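Hello,

Here is the structure I promised to hand over. My notes follow below it.

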Amino acid sequence: GLPTLNIPTLPDKSWYWVYAGEASQEGVLVLLGSFTTTPSGPEGFNFRQNGAALARLRMVGDQPEVESIIPLPHFVPGPPPTQWGAGLLRHEGDLYVYGTQDHGNHKQLVLARTPQLDDFAAWTFWDGQERSSRPEHAAPLGPSVANELSVSRQGDEFEVIAQVGQQIWRHRGATPCGPFQSQLLHQIP
């Protein structure tokens, strides 16, 4: 069967949500969102993200084990809250870390870049014009997306695939930070 990952629990009705990760010779690094319940909102949706972390995994036989969990200093509580790890793309020696800004009724795509996920000081954030060292300067790249998406290089273009509600969208751009042309691929009945 598939390997199982046991992530330590958090106190007080809080939990981790697993986002994107990257394998290397040293092991696997996985971005995590930490969430907690809230007193408001409909049941099942009464939660909010209250932080982020980076899990370092190692393989023990054929099973992954959590070696350590390190707080990710780049989570922005908001407004709007900004999380990292919706998707990852390795390109020309750098890792492009896609995230989302949560505006309540929609989420917008944002972008960071780093040579290594665990080199927190090297992270830079696209502010719409240039790279900034401050995560709160991350500017939306345009498309509405979800907290989890797919990013790939297709020939000379970069492609983001995301489901938003009942729709699946493809966003294409000439660079990892766009600008993106959006196309509705599928309407889910």
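**Sheet, cores and side-chain pairs**

Four strands form an open sheet in the order β1-β2-β3-β4, with antiparallel pairing. Strands here are DSSP E runs of at least two residues, numbered from the N terminus. Two of them pair if DSSP finds at least two bridges between them. The edge strands are β1 and β4 (63-71), each pairing on one side only. From one strand to the next, the twist averages 30 degrees. Axes for such angles are lines fitted to C-alpha atoms, and angles run from 0 to 180 degrees between N-to-C directions. β2 and β3 share 10 bridges in the antiparallel sense. L31 stands opposite L54 in β3.

Some ground rules. This is a predicted model, so treat it as such: local features need pLDDT of at least 70, side-chain atom pairs count only at pLDDT 80 or more, and totals for chains, interfaces and linings use all residues. Residues are numbered from 1 along each chain as its sequence is written, and side-chain values use heavy atoms, with hydrogens and water left out.

Now the cores. The largest nonpolar core has 19 residues. Such a core is a set of buried Ala, Val, Leu, Ile, Met, Phe, Trp, Tyr and Cys residues joined through side-chain atoms within 4.5 Å. Buried means under 20% relative accessible area, exposed over 50%, partly exposed in between (1.4 Å probe, protein chains only). L31, W84, L88, V97, L117 and W123 have the most contacts inside the largest core. β1 (14-24), β2 (27-37), β3 (47-60), β5 (82-91), β6 (94-102) and β7 (107-114) each supply at least two of its residues. The largest share, three residues, comes from β2. Apart from this core lies another, of 16 residues, including L89, V145, F158 and A162.

L31 has contacts (heavy atoms within 4.5 Å). Leaving out residues up to four places away in sequence, L31 touches W17, L54, W84, L88, V97 and L117, among others.

Next, the aromatics. Rings of Phe, Tyr and Trp (its six-membered ring) pair if their centres lie within 6.5 Å; planes under 30 degrees apart count as stacked, over 60 as edge-to-face and the rest as tilted. By this rule the count is six aromatic pairs. One is F35 with F47, edge-to-face at 5.8 Å centre to centre and 70 degrees between the planes. F35 sits in β2 and F47 in β3, so the pair ties together parts 12 residues apart in sequence. F35 is buried at 8% relative accessibility. F47 is partly exposed at 36%. W84 and W123 also pair edge-to-face, at 6.4 Å and 80 degrees. W84 is in β5, W123 in the loop between β7 and β8 (124-126), 39 residues apart. W84 is buried at 1%. W123 is buried, also at 1%. W15, F35 and F47 form one aromatic cluster.

Last, the charges. There are 10 salt bridges, each a side-chain nitrogen of Lys or Arg within 4 Å of a carboxyl oxygen of Asp or Glu. R113 bridges to D94 at 3.7 Å. R113 lies in β7 and D94 in β6, so parts 19 residues apart in sequence are tied together. K107 meets D102 at 3.0 Å, N to O. R172 bridges to E159 at 3.2 Å. R172 is partly exposed at 30%, and E159 is buried at 9%. A network of salt bridges links E157, E159, R170 and R172.

Best wishes
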